[in-house]
Each structure stands twice: as structure tokens, then as C-alpha cells.
Amino acid sequence: MRHKNRIVDHKTAFAKNYDVVIVGSGISGSIIAKELSKKGYDILILEAGPGKDLTLSGYEKYLNNFYSAVSKDNNAPYKRNPNAPMPRSVDVKKLESGKPNTDSYLVQNGPFISDFTYSRVVGGTTMHFESKTPRMLPEDFNILTRYGRGLDWPLKYEELMPYYRKAEFEMGVSGDVSSQTFSNEKAYEDGYVFPMQEMPPSYLDQCVAKKVNGTKINIAGEIRSLKIRTFPQGRNGIPNEDYKKFNNGELFRPVGAVSQHQAEEGERCQGNNNCTPICPVQAKYDARKTLAQALESGCVDILTRTVASRVVIDPVTQKVSAIVCKSYKDLDSKEYTSETITAKLFVLAANAVENARLMLASGLNSSSDLMGRNLMDHPYLLTWGLLPEIAGTTRGTICTSGISDIRNGDFRTEQAAFAVDIHNDGWGWATGSPTTNLEDIVDNKNKFGKDLRNELVHQISKQLLLANMVEMMPDPCNRITVNPKYVDQLGNPRPIVTMQIPEYTMKGIAYARQMSRQIFQRLGAEDYSVYGTDDYGYVKYKGEGYAIRGGNHLAGTHIMGTDATNSVVDAKQKSWDHSNLYLVGAGSMPTIGTSNTTLTLAALCFKSVDAILEDLKHLHSSKQISNQL
Amino acid sequence: MVLHKYLLIMKTHHEKLSVFLDLSVVLTAFSAYQLHGTGQLEAYYTTIVDIIGDQTMSEILVAFNTAKTEASSDQKQLEQQIRIHLLSNDKLGPITRNIIKMWFIGSWYQLPNIWREAYGKSEKDQTFVVSSIAYTEGLLWPTIDSHPPGAKAPGYGTWANPPKISEV
């Protein structure tokens with residue numbers, strides 16, 4: 001899709017009076033900017049990244065970086081940026097007892113060492129997310145009342161339903177509503193369908209489904225039957241005719257590649273098997289698609305290479321009066337200027353870790369002292385096996401189907417719920433396959449020529465990796481903090497992570513391991529899952545060891561609640577302490593259930609837009625009154 | 001001296017490249033036609049020479065020619081002779097395995113430490129992807145009837161069909 005270039009220089013930005021300043025151009029910031037711009041408000045987005053990616057050629061440079069990178073991790077497409085560093089899984093190492101890991105951007109206290117990442121570039125972490133878009137379940141919103149675990153939300157699922165629909169439109173969701181039946185409550189309006197038809201299940205999915213469907217499992221005394229179902233995903237497919245009635249009679253129009261010029265790209269997924277870290281054709285939703293529409297409005301400016309450094313509070317009104325930011329010259333330069341930007345209203349949309357980091361760096365722990373606390377993520381347990389038949393592994397999107405039958409149930413009083421992905425890309429996440437297979441076959445198995453080729457097929461095309469994404473509840477001890485001892489090149493404090501996997505989650509992980517064993521038995525698959533004690537994510541529980549991976553679904557750090565004593569923000573994501581400040585994103589979520597967080601945080605941002613518009617109306621009318629006086 | 005004799009025969013770059021291609025066919029079990037089709041022959045050859053030097057590359061090509069001569073057109077024998085003259089050779093073995101990996105994945109792997117201690121540490125001997133095109137031209141992907149992740153996608157919905165893979 002075409003858009004205007006609204007990247008502004010510093011002189012222009014600091015001379016202008018903006019209604020709203022938004023920190024971060026990821027999905028939260030982009031949705032809010034786009035929606036507010038429709039009402040003509042002047043908006044400035046501060047973006048820490050270099051911002052060369054709003055053109056097709058800029059995006060293709062990312063792709064080329066990925067092709068030629070030795071390590072193809074989530075942030076491989078982006079050059080290292082010491083002025084706005086980001087966590088990379090390749091930097092993670094095992095904790096040595098008695099001292100934190102301080103070598104890379106994230107300072108990790110442990111005891112659990114996570115390899116979670118996020119991206120500090122235009123579009124934020126949607127640039128590398130997989131774009132799986134399941135809704136949370138109605139039961140997730142009052143899990144404390146229902147199952148005695150976690151926290152209840154200050155809002156009901158029904159209140160979020162219309163916003164979920166907006167988010168599904170915005171992200172261009174492909175999926176099948178009729179397969180989303182794991183809640184005992186009404187989760188969708190009658191007849192509702194997603195904007196686009198479900199992504200066809202991969203051949204691998206079909207091989208697994210043939211033997212696994214109908215498997216009976218016993219989960220804390222409940223007998224469940226497993227069924228392989230597709231996941232909804234923010235990826236362009238075939239528009240659904242039946243969606244017309246939810247879209248003013250119009251067929252959904254997929255949003256293509258972001259470009260300043262006409263570009264025929266990104267209209268439909270081609271099966272590049274590379275949703276993470278980068279979709280080469282932009283068929284996957286990323287926040288630049290929303291941002292481009294915001295920029296097109298003419299009301300939204302974006303200031304890149306600018307890192308929000310401190311939030312300034314007016315001591316009398318307790319409102320945010322300004323944000324101090326540091327603008328760096330370029331990636332390789334230590335040169336920067338410090339400037340102060342003012343506005344009527346401020347939105348922090350920098351992600352759960354960075355929002356909390358910025359507030360804590362500003363000395364704003366919140367009156368509840370909950371800023372940075374309740375850090376959550378989805379711990380992943382990977383299990384992998386070799387199927388008896390060629391299943392065409394490495395084809396399709398990263399994931400088309402999985403198991404969701406264990407996302408909800410009374411067992412949640414005892415142990416964490418989870419969801420299972422079938423990874424179409426095979427064992428890569430767990431073992432570095434297929435590169436590691438090639439290395440092993442050539443260097444250790446001493447094969448070449450035909451034997452090598454046959455062995456590659458045997459070792460790769462039969463791979464099955466199950467990624468078990470396990471629920472994690474809020475715990476105030478799991479947290480982000482800052483310490484002036486640890487700063488980045490611009491002098492901004494780096495996030496310090498303290499995290500432990502709660503027993504509730506470990507029970508879920510242990511159960512997931514057991515369920516994988518049953519599944520592999522049904523499939524006649526050879527189980528190759530091993531978890532080394534030297535793995536940085538190694539956790540021992542009840543005599544068995546597990547290597548746990550980060551899910552990049554960071555949440556909870558500015559948790560939402562019913563009053564200023566139990567939370568940082570209200571149900572509209574507005575700060576209890578500062579009446580012109582919104583902290584948005586998954587950081588506001590009290591629990592995350594078994595849903596990838598992006599769709600829900602997008603829905604929350606659409607909900608916040610209503611509240612922000614209301615606030616701006618008041619701010620404007622009070623300004624007009626004071627002008628008249 | 002055998003080495004000297006072959007060096008004289010393979011005078012030109014073109015001739016050496018042609019022996020390198022023959023060797024690559026045996027190592028990968030892909031045809032010369034398919035290897036040419038990747039467009040990477042010259043790039044791989046020059047990348048390797050750049051790291052190990054012309055002299056060592058010549059030793060590899062000579063060793064291959066020796067293996068061929070001794071195998072006298074017998075495929076099984078040729079494979080055995082490749083093991084004798086190249087793959088089990090302490091100097092040429094690691095390079096030969098690197099040639100295989102380069103064809104399949106487009107990367108050069110830093111040679112083992114023991115090799116570097118014995119035969120010299122070239123500054124260029126680092127693990128790296130030869131080029132972004134080399135990555136997308138890896139032979140691993142057609143081997144498993146697939147495509148390099150992030151390139152040469154087969155199109156919407158194709159993933160629902162079984163792959164077509166048979167033993168070679």
C-alpha cells in the first residue's frame with residue numbers, strides 16, 4: 001500500500017505543537033495514531049529505530065541482511081544498534097551462580113534465564129512475530145474467581161468483543177471461527193467469520209491429524225479428546241464471502257506491502273516458511289501496514305532515531321508535562337542531542353519491558369509500586385520427534401495447526417493450561433535444523449553424494465516439532481527493574497530481568513512433556529527431545545529436566561486493575577497516577593491465558609482510543625475556555 | 001612428480017573450474033547442469049581459493065584427478081578413491097567437506113582448529129554466508145522438495161500437498 005513519507009526532522013518536530021505524543025511505532029502506537037488521526041488530531045510518534053523501513057527497498061535490505069546472516073535469529077534482519085539495543089537470543093548464556101548476566105542489553109538476574117526478544121525498529125516486534133491471532137477465552141478474564149488462580153480482569157470478555165473484531169479487521173485475520181470451540185461460553189457473535197478463510201493445513205498437519213485425532217488424554221482427572229485444528233493468523237489469504245455482513249457489505253480487502261510507490265506485493269501468503277523472522281513478501285501483517293495508513297492521514301509525524309529517555313511530571317498537577325528524548329546521529333555514532341517534547345496527552349507504546357523501563361528510569365514506580373512487576377511471558381517447552389513417513393516438513397507458513405483442547409478446563413485450578421503448535425519448519429527452533437543436520441551428516445556421518453541426499457530427506461522431511469506454549473500467571477516478584485550501574489550507549493538504563501517459573505506453570509510443562517510422549521507413541525515417531533543441563537533455560541522439576549524457551553509474549557509490567565492500589569492502569573489503560581498518560585500494550589494485561597498476546601493488546605488499544613478521544617475532547621474544550629478568558 | 005605434472009595440465013582458470021565442477025558433481029550427486037543452474041560455480045570456486053589459496057585448491061583438484069584415474073570409470077570405486085585421496089586426507093578432507101556444505105547451504109565454515117594450527121590461519125577463514133544469493137541457491141532445499149526459508153516460495157496453499165521425494 002502507498003503512503004506519504006512523514007518522517008520529520010527534529011527542527012520541525014520540536015517547533016510543532018502536538019496533541020498527542022506516542023512512544024513507539026509498533027502495533028499499539030500505530031493503531032492509536034491511526035484512529036486519532038481520523039479525528040484530525042496532530043500526533044507525533046517517537047521511534048527509537050533507524051526508520052529506513054517505510055520503503056520497499058528499505059524492507060528488502062532487511063531481507064538481504066537475513067539471507068546473508070550466519071545466525072538467523074528473530075532480530076537477524078536488523079543491524080546491531082548500540083543506541084537502541086534489542087535483546088537477541090544469540091547473546092543469551094547460562095547464569096553463573098552469584099552474579100547476573102550483564103554482557104548483553106538485557107541484564108538477567110535469573111534464576112530463570114529467558115531468551116525472549118523484541119525488536120526496536122519501525123513496526124516493533126510485529127516485524128518478527130509469527131502473527132498467530134487467537135483470542136483469549138471468556139474464562140481467562142475471571143480466572144481468579146473461577147479457578148482461584150492469577151487475577152481477574154477489570155473488564156469482561158463481552159466488553160472486549162467489539163474491539164476484538166476491530167483488531168481482527170486491522171490485522172487481516174485468516175481463520176475458521178467454527179474451529180475455535182474450546183470455551184464453554186459464547187465467544188463470538190452469531191454467524192461471525194474472520195475476514196479471510198483459514199490457511200490450508202499443511203501436509204505435515206494432515207499426517208499428524210490422521211493418527212492423533214481422537215486421542216484420549218487424562219488431564220488432572222478430566223478426560224479430553226485431542227483434535228488438530230488450524231490457528232487464526234494475521235496473514236493474507238482468500239477473503240471470506242460471509243464476512244461481508246460484518247464489513248458493511250464489502251469483501252475484505254487484504255492490505256499489501258508497505259511502499260511509497262505502487263507495489264504489487266503482499267496480497268496473499270506464498271508459503272515462504274519464514275513468518276519469523278521476516279516475511280519476504282509482506283503477506284504477514286506487521287504494524288507498518290497500520291502505520292502507513294496513519295501517515296497517509298497527514299496528521300501523523302514520525303521522528304526516528306529518537307529514544308524516549310525520561311518522563312517528566314508536573315509536581316502540582318501530577319500530569320506528564322514532557323518527555324525528554326535522546327536523538328542519535330546514526331547507528332555507528334555516539335553523538336546525540338537531548339531534547340524535550342511537550343503535548344497534551346502522552347501514550348507509552350514501547351512494549352511491556354520498555355514501557356516499564358522508561359517509567360522506572362524516570363523514578364515513576366507508580367503509587368501501587370507495581371511498575372515493572374508481574375512480568376509474564378509464555379514459557380515454551382519444545383518436544384521433537386521423527387515421523388515414520390515423509391511428511392514434507394519445511395513447507396507452508398511457520399505454523400498452520402495445533403492442539404487447543406487443553407487451553408481451558410477445571411484442571412486450571414491445579415495446573416497451567418497450554419496450547420501446542422505443530423511447527424511446519426521442523427526442529428529448527430530446538431536444534432538449529434536443517435543446517436545442523438547437514439553439518440552432522442557431512443562431518444560426523446561421513447556421507448556425500450547420493451547417500452548424503454537420502455540422509456537429508458530422512459533426517460529433515462520427517463521432522464515433527466511440537467511447541468508447547470504454557471500459561472504463566474502474574475507474580476509481583478517476576479519483574480523489570482533498573483539500576484544506574486547498567487546503562488546503554490546513550491546512558492539510558494537497561495532493563496534488569498528477574499524471573500522464576502512458578503510451580504503452576506512447571507506442572508503444565510511436565511504435563512505437556514508427558515502428552516507429547518503419548519502423541520509420539522500414537523504416531524510411531526522416534527522421540528529425540530533432550531534437554532541438556534548446560535542449556536541456559538534448563539529447569540529441574542520433580543526429577544525431570546526441561547529446557548525452557550522464551551515466548552516473546554511479554555506482559556503484566558503495568559498491570560490493569562480496579563484501583564490505584566492494585567494496579568498501574570485502569571481498564572482503559574490510563575495511568576491512575578497521571579491523568580494525561582496512557583501505558584498501552586501487553587504490559588496492561590493482568591493475565592495472558594494461552595493466547596499469543598498481540599490480538600488482545602490490539603483490541604485493548606482500540607478500546608483505549610475511545611477513552612483518549614474523550615479526554616482530548618475535554619482537553620480541547622478546556623483549552624478553548626481558557627483562550628476565551 | 002605427479003603434482004607437478006597435473007599442475008601443468010590445468011593451466012587455465014577455465015580448466016580448473018571445470019575440474020572443480022566435476023568434483024562437485026561427485027560430492028553432491030547433482031548434475032553439472034543443475035550445479036551450473038545455481039549460478040554459483042565461479043563464486044564458490046573463487047571464495048574457496050580466496051581463503052585457502054590457489055596452491056591448496058590445485059592439490060584438491062589434482063587429488064580428484066588421481067582418484068578418477070584410479071577408479072577408471074567405476075562409480076563405486078570412485079567414491080572409495082574420493083575417501084582415500086580427499087575425505088580422509090588430513091589437509092584436504094576438511095576443505096572437501098566444506099565444499100559439500102557450501103553447495104548445500106551457501107556457507108563457508110571456519111576450518112577446524114587442528115587444521116588451522118597445521119596449515120595456517122587465513123584471516124578470511126571465518127564462518128560466513130557466501131552471499132544472499134548463495135543462501136537462496138543452496139541444494140539442500142531442492143533435495144527435500146522444498147525451498148530456502150524466505151525465498152522461492154511455491155505459492156498459496158501448495159503446502160497442503162505431499163512433497164515429491166524419491167531416493168536418488
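Predicted model: local features only at pLDDT ≥ 70, side-chain atom pairs only at ≥ 80, totals over all residues.
Two residues are in contact when their C-beta atoms, placed from the backbone, lie within 7 Å.

**First stop: Ile43 of chain A**

Select Ile43(A) and display its surroundings. Leaving out residues up to four places away in sequence, Ile43(A) touches Tyr18(A), Asp19(A), Val20(A), Ile22(A), Ala33(A), Leu36(A) and Ser37(A), together with Cys299(A) and Val300(A). Ile43(A) also belongs to the largest nonpolar core, a group of 218 residues in which Ile32(A) and Ile43(A) have the most contacts. To see which element gives the most to this core, select residues 597-628 of chain A: this is helix 13, with nine residues in the core. In soluble globular proteins, nonpolar side chains tend to be buried together.

**Second stop: chain A as a whole**

Now select the whole of chain A. The chain holds 13 helices and 23 strands. Its radius of gyration is 24 Å, close to the 25 Å that the globule rule gives for 629 residues, so chain A is as compact as a globular protein of that length. Taken along the principal axes, the C-alpha atoms of chain A fill a box of roughly 80 × 60 × 50 Å. Of the 629 residues in chain A, 59% are buried. When contacts between residues at least 6 apart in sequence are considered in chain A, 74% of them join residues at least 24 apart.

Select residues 352-361 of chain A. Is this helix enclosed or open to the outside? Ten of the ten residues of helix 8 are buried, so the helix is largely enclosed by the rest of the structure. Among these buried residues are Glu354(A), Asn355(A) and Arg357(A), as well as Leu358(A) and Met359(A). Just after the helix, Gly363(A) takes a positive phi of about 75°.

Move to helix 11 of chain A, residues 449-460, and pick out Glu455(A) within it. Glu455(A) has 18 other C-beta atoms within 10 Å and is partly exposed. Apart from its neighbours within four places in sequence, Glu455(A) is in contact with Ile441(A), Lys445(A) and Lys447(A).

Select residues 503-523 of chain A. Helix 12 has 21 residues and reaches 30 Å from its first C-alpha to its last, close to the 30 Å expected at 1.5 Å a residue. Colour its buried residues, including Met506(A), Ile509(A), Tyr511(A), Met515(A), Ile519(A) and Phe520(A). An α-helix has 3.6 residues a turn, so residues three or four places apart point the same way. Just beyond helix 12, Gly524(A) takes a positive phi of about 65°.

Turn to chain B, which comes to ten helices and two strands. Followed along the sequence, its pattern is α-α-α-α-α-α-α-β-α-β-α-α. The radius of gyration of chain B is 17 Å, close to the 15 Å that the globule rule gives for 168 residues, so chain B is as compact as a globular protein of that length. Its C-alpha trace spans about 60 × 40 × 30 Å along the principal axes, and 35% of the 168 residues count as buried. The average pLDDT of chain B is 94, and 94% of the residues score at least 70.

Within chain B, select residues 54-71. The 18 residues of helix 5 should span 26 Å at 1.5 Å a residue, and its end C-alpha atoms are 26 Å apart, which agrees. Its buried residues include Met57(B), Glu59(B), Ile60(B) and Phe64(B). Just after helix 5, Ser72(B) takes a positive phi of about 35°.

**Last stop: where the chains meet**

Finally, show both chains together. In contact across them are 39 residues of chain B and 42 residues of chain A. Which helix of chain B gives the most to the side that touches chain A? Select residues 92-105 of chain B, helix 7, which gives the most, with five residues. By class, this side of chain B has 22 nonpolar, 13 polar and four charged residues. The model scores ipTM 0.95 and pTM 0.96.

Technical notes. Residues numbered from 1 in each chain as written. Chains lettered and ligands numbered in written order. Core = buried A, V, L, I, M, F, W, Y, C linked by C-beta atoms within 7 Å. Buried ≥ 20, exposed ≤ 12 C-beta atoms within 10 Å, placed from the backbone. Helix = DSSP H or I, 4+ residues; strand = E, 2+ residues; numbered from the N terminus. Nonpolar A, V, L, I, M, F, W, Y, C, P; charged D, E, K, R; others polar. Rg over C-alpha atoms; globule rule 2.2 N^0.38 Å. Expected span 1.5 Å × (residues − 1). pLDDT = per-residue confidence, 0-100.
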